[in-house]
Amino acid sequence: MGRRNRPHWSLTVIKRMVADDEFFCALESAVAYFGTPDEARAAVQDTVATLHESNFAETVKLSKHVADIYGVAIDDMGWYLKLTVIDTDGPEVLIISFHPLERPLKTNGGLVSP
């Protein structure tokens with residue numbers, strides 16, 4: 001078995017922060033699928049709560065942040081989740097992207113398809 005990639009951000013910390021509502025997310029794409037901003041936000045919380053390292057795809061360096069990318073299945077549909085941690089008035093998780101996959105994504109657990 002090959003070496004598994006590890007996320008930059010601790011999943012334990014990410015899960016705790018999101019469960020404690022210490023997160024912000026851009027939900028435009030998710031709202032189209034889930035219906036309302038509140039339902040999309042709840043879907044983000046539910047999805048993050050179930051993340052495992054097997055869902056991890058890669059870490060990317062952005063202009064000001066380092067973000068982790070995950071691929072997950074929701075209702076038999078592949079989803080793309082990109083997140084980072086920012087510190088403005090205190091640390092919070094920033095969900096940069098949360099939307100259906102546009103193309104297959106290779107994760108530690110295998111290929112996640114749209």
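**Exercise 1.** Determine which backbone oxygen the side chain of Asn108 reaches, and characterise the surroundings of Asn108.

*Solution.* The side chain of Asn108 reaches the backbone oxygen of Glu53 at 2.9 Å. This model is predicted, so local features need pLDDT of at least 70 and side-chain atom pairs count only at pLDDT 80 or more, while totals for chains, interfaces and linings use all residues. Residues are numbered from 1 along each chain as its sequence is written, and side-chain values use heavy atoms, with hydrogens and water left out.

Next, locate the residue: Asn108 lies in the loop between β6 (105–107) and β7 (110–112). Asn108 counts as buried because its relative accessibility is 16%, where buried means under 20% relative accessible area (1.4 Å probe, protein chains only).

Finally, list its contacts (heavy atoms within 4.5 Å). Leaving aside neighbours within four places in sequence, Asn108 is in contact with Arg4, Asn5, Glu53, Ser54 and Phe56.

**Exercise 2.** Is Ser97 buried or exposed?

*Solution.* Ser97 belongs to strand β5 (residues 91–100). With 15% relative accessibility, Ser97 counts as buried. Beyond neighbours within four places in sequence, Ser97 is in contact with Tyr80, Leu81 and Lys82.

**Exercise 3.** How many residues does the largest nonpolar core have?

*Solution.* A nonpolar core is a set of buried Ala, Val, Leu, Ile, Met, Phe, Trp, Tyr and Cys residues joined through side-chain atoms within 4.5 Å. The largest has 25 residues, and Val48 and Leu81 are among those with the most contacts inside it. Not counting residues up to four places away in sequence, Val48 touches Ile14, Lys15, Val18, Leu81 and Ile95. Apart from this core lies another, of 6 residues, including Tyr80.

How values were computed: Helices (H or I, at least four residues) and strands (E, at least two) are DSSP runs, numbered from the N terminus. Buried means under 20% relative accessible area, exposed over 50%, partly exposed in between (1.4 Å probe, protein chains only). A polar contact is a pair of N or O atoms within 3.5 Å; within protein, one must be able to donate a hydrogen and the other to accept it, and residues adjacent in sequence count only if both atoms are side-chain atoms.
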